Amino acid sequence: MSKPLKQIHLAAHFPGVNNTTVWSDPASGSHIEFSSFAHFARTAERAKFDFLFLAEGLRLREQGGRIYDLDVVGRPDTFTVLSALAAVTDRLGLTGTINSTFNEPYEVARQFASLDHLSGGRAAWNVVTSWDAFTGENFRRGGFLPQQERYSRAKEFLATAHELFDSWHGDEILADQETGVFLRDAKAGAFVHRGQHFDIHGRFNVPRSPQGRPVIFQAGDSEEGREFAASDADAIFSRHATLDAGRAFYTDVKRRLAKYGRRPDQLLILPAATFTLADTDEEARELAKTVRRQQVSGATALRHLEFVWNRDLSGYDPDGPLPDIDPDVSSRHIAEGRAQVRMYRDPLATAREWRELAAANNWSIRDLVIETGNRQNFVGSAETIARTIDEYVQNDASDGFILVPHVTPTGLDAFADKVVPLLQERGVFRTEYEGPTLRHHLGLAHPDELGERRDAS
């Protein structure tokens with residue numbers, strides 16, 4: 001007996017400060033005007049996507065002491081954008097990346113509970129940490145938290161936020177106009193938390209929201225990140241682009257759930273994925289090459305090489321050979337605050353590997369960065385992309401994908417019009433939303449149904 005078809009989860013990532021976005025493309029629009037966010041969100045909702053996702057940076061990126069302006073620079077506040085989008089959408093989930101290192105639980109819990117109310121139960125929180133003092137310089141306690149403690153703070157931050165959400169049970173508001181009694185329970189919102197990172201007590205001032213708590217997302221591939229997701233998250237992002245790597249990650253994270261008393265279906269695996277869509281597979285492959293060269297200009301290639309070499313390489317020809325000097329392995333980095341630098345734990349070994357690859361393939365600096373960097377996950381006709389996405393999900397390499405177009409705000413339109421109908425024909429993607437909240441879209445139970453209330457009073 002064959003197993004039933006898994007239903008695919010799809011989400012849309014409004015790209016910003018990353019080298020996926022080709023802001024110089026004539027089709028690209030503003031990354032700060034609300035009309036761009038509104039178009040993108042409406043397209044995702046028209047296609048019946050689960051949610052829209054916004055990333056967030058807490059400092060303008062720099063390199064060599066100068067603003068890194070090869071990518072999009074800056075974006076409005078996440079909560080402001082998501083709250084505005086709640087007014088122009090009806091069902092689409094609204095997911096924001098909010099940092100647990102440089103915020104406070106009360107403030108963040110209040111903002112998410114408010115967003116959940118304003119949207120009718122569509123809020124989600126991507127819980128992230130900051131590992132570097134460079135970002136912390138924007139805050140009054142800049143760099144105060146050692147890197148090894150960031151997950152312990154994040155776990156306590158999330159637990160504290162849950163206590164605040166759960167300080168309201170949902171039945172406290174009586175609002176009896178005849179007697180003038182508004183609250184049934186005079187202790188509504190009372191909380192006390194004493195821990196290593198937070199020592200707070202008082203009253204939480206937002207009543208229980210439609211979802212009880214926002215859906216919790218987590219992005220992290222480290223051992224700590226996987227454990228954090230298995231213990232506390234509803235969904236985890238991943239960056240594994242191949243079927244085999246995706247299946248290995250999927251199996252590893254799902255098996256961790258049992259130790260926390262959770263079932264495999266209580267955590268969704270949702271990798272980010274780019275795509276290049278054309279009428280034929282051959283046209284898509286050619287377009288993908290063009291897009292990659294747009295994404296990796298000569299200047300971008302040199303800046304990327306500096307992540308490893310930790311030197312100013314602006315004098316090198318991006319269409320020439322790799323530097324013959326070795327990376328600078330001193331502690332201070334030319335690209336402080338950039339997450340990419342952590343990918344190269346041993347710069348000297350990476351440099352040797354890249355020189356060998358470049359020599360064997362006759363690659364220039366730009367060729368090397370293009371070939372070793374992130375590529376489009378799905379390239380082909382609508383039929384090919386629909387079939388490939390379905391293959392990944394049915395073979396447990398993911399539960400769906402967070403799609404990242406290279407042009408905004410219109411880059412999602414063709415996928416919505418051409419690929420989604422084919423997935424619907426296969427019977428693996430919804431034709432209508434199942435319910436009003438994001439938990440309905442993702443097949444997640446309400447916290448109250450799971451007995452997960454965490455009283456803090």
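Trainee: What share of the contacts in the protein with a separation of 6 or more comes from residues 24 or more positions apart?
Mentor: That share is 75%, where contact means heavy atoms within 4.5 Å. Keep in mind that this is a predicted model, where local features need pLDDT of at least 70 and side-chain atom pairs count only at pLDDT 80 or more, while totals for chains, interfaces and linings use all residues. Residues are numbered from 1 along each chain as its sequence is written, and side-chain values use heavy atoms, with hydrogens and water left out.

Trainee: How many helices and strands does the protein have?
Mentor: There are 14 helices and 16 strands. Both are DSSP runs numbered from the N terminus: helices are H or I with at least four residues, strands are E with at least two.

Trainee: How much of the protein is buried?
Mentor: Buried residues are 53% of the 457. Buried means under 20% relative accessible area, exposed over 50%, and partly exposed in between, using a 1.4 Å probe and protein chains only.

Trainee: Changing topic, how many aromatic pairs are there?
Mentor: A search of the whole structure gives 20. Rings of Phe, Tyr and Trp (its six-membered ring) pair if their centres lie within 6.5 Å; planes under 30 degrees apart are stacked, over 60 edge-to-face, and the rest tilted.

Trainee: Why is the pair of Trp125 and Phe157 edge-to-face?
Mentor: Because the planes are at 65°, with the ring centres 5.8 Å apart. Trp125 is in strand β6 (residues 123–128) and Phe157 in helix α5 (residues 150–165), 32 residues apart, so the pair links distant parts of the chain.

Trainee: Are those two buried or exposed?
Mentor: Trp125 is buried at a relative accessible area of 0%, and Phe157 is buried at 0%.

Trainee: And what is the geometry of Phe157 and Phe198?
Mentor: Edge-to-face, with centres 5.7 Å apart and planes at 80°. Phe198 lies in the loop between β9 (190–194) and β10 (199–203), so its pair with Phe157 in helix α5 ties together parts 41 residues apart in sequence. Phe198 is buried, with a relative accessible area of 4%.

Trainee: Which residues do ring pairs link into a cluster?
Mentor: Phe79, Phe112, Trp125, Phe157 and Phe198.

Trainee: What sits over the ring of Phe134?
Mentor: The charged end of Arg59, 3.6 Å from the ring centre. The rule asks for NZ of Lys or CZ of Arg within 6 Å of the ring centre and within 35 degrees of the ring normal.
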